[in-house]
Amino acid sequence: MKTREHKAEILAHKRIDERVQLMTLAFPAPCAVPGQFVMVKAGVGGDPLLRRPISIHRRTKTGIELLYEVVGQGTALLAALRPGAEVSIIGPLGNGFPLVAAKGRTPVLVGGGMGAAPLVFLAEHLTAAASIKQPVALLGAHTKKGLLCVKAFRTAGCRVITATDDGSCGRRGFVSCLLKELLESTARENAVIYSCGPRPMLNSIYELADTAGVAAYVSLEAHMACGIGACLGCTVATTAGNKRVCKDGPVFAAQEILWGQADEN
Amino acid sequence: MKTDLSVRIGSLHLKNPVMVASGTFGYAEEFKDFLDLRQLGAVVTKTVTLKPRSGNPSPRTCETPSGMLNSIGLENPGLEVFLKTKLPFAAKLGIPLIVSIASESDPQEFVELACRLERVKSVSALELNISCPNVKHAGAATALISQDPAATKAVVRSVRKVSTKTIITKLSPNVTDIVPIAQAAQAGGSDAIALINTLTGMCIDVRRRRSRIAMPVGGLSGPAVRPVAVRMVWEVYRKIKIPIIGMGGIIDTFSALEFLIAGAAAISVGTANFVDPAVSGRIIAGLKEYALENKIASVRSLTGSIVKPCVQPKK
């Protein structure tokens, strides 16, 4: 399928909390894979100008779901749209999580904050596949309110363990502490890690996985203007030189990333 | 009635005046799913330097009112890899291929690049990027070559001596008077002027009191800069004889027409490619429709066709 611009109708648009929205778009994307994203245009014309990259949260028969955080002018405009309205999207874009790595193994999904969004699509994909063991979802957030998709991971068939910074739900501490314990148990023998969240969290995930000798894949976030590999705005330093988060990622093998050269945002 | 969209830039025959701006279209292959690339007037590739450049730190872009700020820092794989892996796709399109080149520290690199590209048949023209705001030249009188008429003329002349290809000189709007710079490029032997590169700008995250991009200053592009770009095309058009390729915030047919009417012979679509990868195709169709509706036999007659203002600017 060629990647093009699509005008997709909003089928449903729900407010999850004061800053998180769930948008369902009539955009059948049978070839979309977990970890891919779409570039969404907020408003029409030149202001705001650029599209927003949003990961695919779930895929249904009739379309895709986007779970996104309202962080600025663009996402605020999107949040104001009602069902029936159309949005311009380009996608699905980028490379998803390598599913073959999960064959015969226990997938460990590690999501921090909004990073849980694309992992739901992955969980549903993994639990539908044969020869893949029950995935474990480790979810972390600042507070209980920030823990997203707990129910969705359970419905998909995952074992869910949570952590919050303030201890308001699950373990008090970072989600990486949950992973550390898991990797210290016998579970590490056959684990493969898929993770999405803030960069410092992904960095810890990489260090834990590396110490334990477990394969880890991370989905990176970056500022990007085009999403199709042209602007070089989203470059990330890797062991094989600069790569584009939009086109060569957003999912990378964790050991490929030069974590020291961090983007501070 | 038929309408003629073709234009000439130096020795290039463009079937229409719509090109794509360097740095906003990758190496063309990135856009193949979105539009029929062969319909474009010409393609300008991302600036290439002699040696590979990894570019500036991240974040490199941020949204600004009706535009964006970027500080990519001319990331590119260097000439060798460019010739081997990037150029072949664009070379097969059968449309004029313009290669944007830049020096990193020594303007002599322009000559070396031009010599190497002279032997590459598929390259129709060189665009001299002497105006990138995100690369610093040590020891020069001005931050950018294109901020100094003498340096501009010297670089163009040195390339002219070794190249038979059409030379386009891309200028910076970050000057007090654009006219002497354009005249210097013309005097150096440039076949055309590309106006404008990005305007330098800043954007601050107030909460963190830090620049929103990793570098303090970046290049502003998008519709926000269009009035500045149109004004510069208008100013330069009346003072030089070589054609102008106008660019800066073109997002549709009407914004493209603004540049033609101000004095551009051709236009380049830039930042809009990021938002709408198929937009240049629609602008070509839109120009044709406009010409037919207004019974314009040749798009060339639009160039500089602005109605004289009631109040003439003082000399």
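Author: In this predicted model, chain A and chain B bury about 2600 Å² between them, and 54% of that area falls on carbon and sulfur atoms. The size of an interface is often given as the accessible area lost when the parts come together. The contact draws 29 residues from chain A and 33 residues from chain B. On the side of chain A, the residues that lose the most area to chain B are A:L49, A:I228 and A:L232, which together account for 21% of what that side buries.

Two packed helices are described by the angle between their axes and the distance between the axes. Helix α4 of chain A, residues 175–184, and helix α5 of chain A, residues 199–212, have axes that come within 10 Å and cross at roughly 10°. Because angles under 35 degrees count as roughly parallel, α4(A) is roughly parallel to α5(A). From α4(A) the contact is made by A:V175, A:S176, A:L179, A:K180 and A:L183, and from α5(A) by A:M201, A:S204, A:I205, A:L208, A:A209 and A:A212.

The largest cavity holds about 470 Å³ of space, and its lining is made up of 33 residues, with B:S22, B:T24, B:N70, B:N197 and B:T198 lying nearest its centre. Four strands of chain B, namely β4 (42–48), β6 (67–70), β8 (125–129) and β14 (218–221), each supply at least two residues of that lining. The lining of the largest cavity divides into twelve nonpolar, 18 polar and three charged residues.

In chain A, a cis peptide bond with omega of about -5° joins A:G91 and A:P92, and A:P92 lies in strand β7, residues 86–93. In chain B, a cis peptide bond joins B:L195 and B:I196, with omega of about 10°, and B:I196 sits in the loop between β10 (192–195) and β11 (199–201) of chain B. B:L74, a residue other than glycine, has a positive phi near 55°, and B:L74 is found in the loop between β6 and α1 (78–91) of chain B.

How values were computed
Residues numbered from 1 in each chain as written. Chains lettered and ligands numbered in written order. Predicted model: local features only at pLDDT ≥ 70, side-chain atom pairs only at ≥ 80, totals over all residues. Heavy atoms only, no water. Axes fitted to C-alpha atoms, helices over the stretch in contact; angles between N-to-C directions. Parallel < 35°, antiparallel > 145°, perpendicular 65-115°, else oblique. Contact = heavy atoms within 4.5 Å. 1 Å grid on protein atoms, 1.4 Å probe; cavity = no way out; pocket = protein on both sides within 12 Å on 5 of 7 lines; lining within 4 Å. Points joined across faces, edges and corners; volume = space filled by probe spheres on them. Nonpolar A, V, L, I, M, F, W, Y, C, P; charged D, E, K, R; others polar. Buried area = accessible area lost by both parts, 1.4 Å probe.
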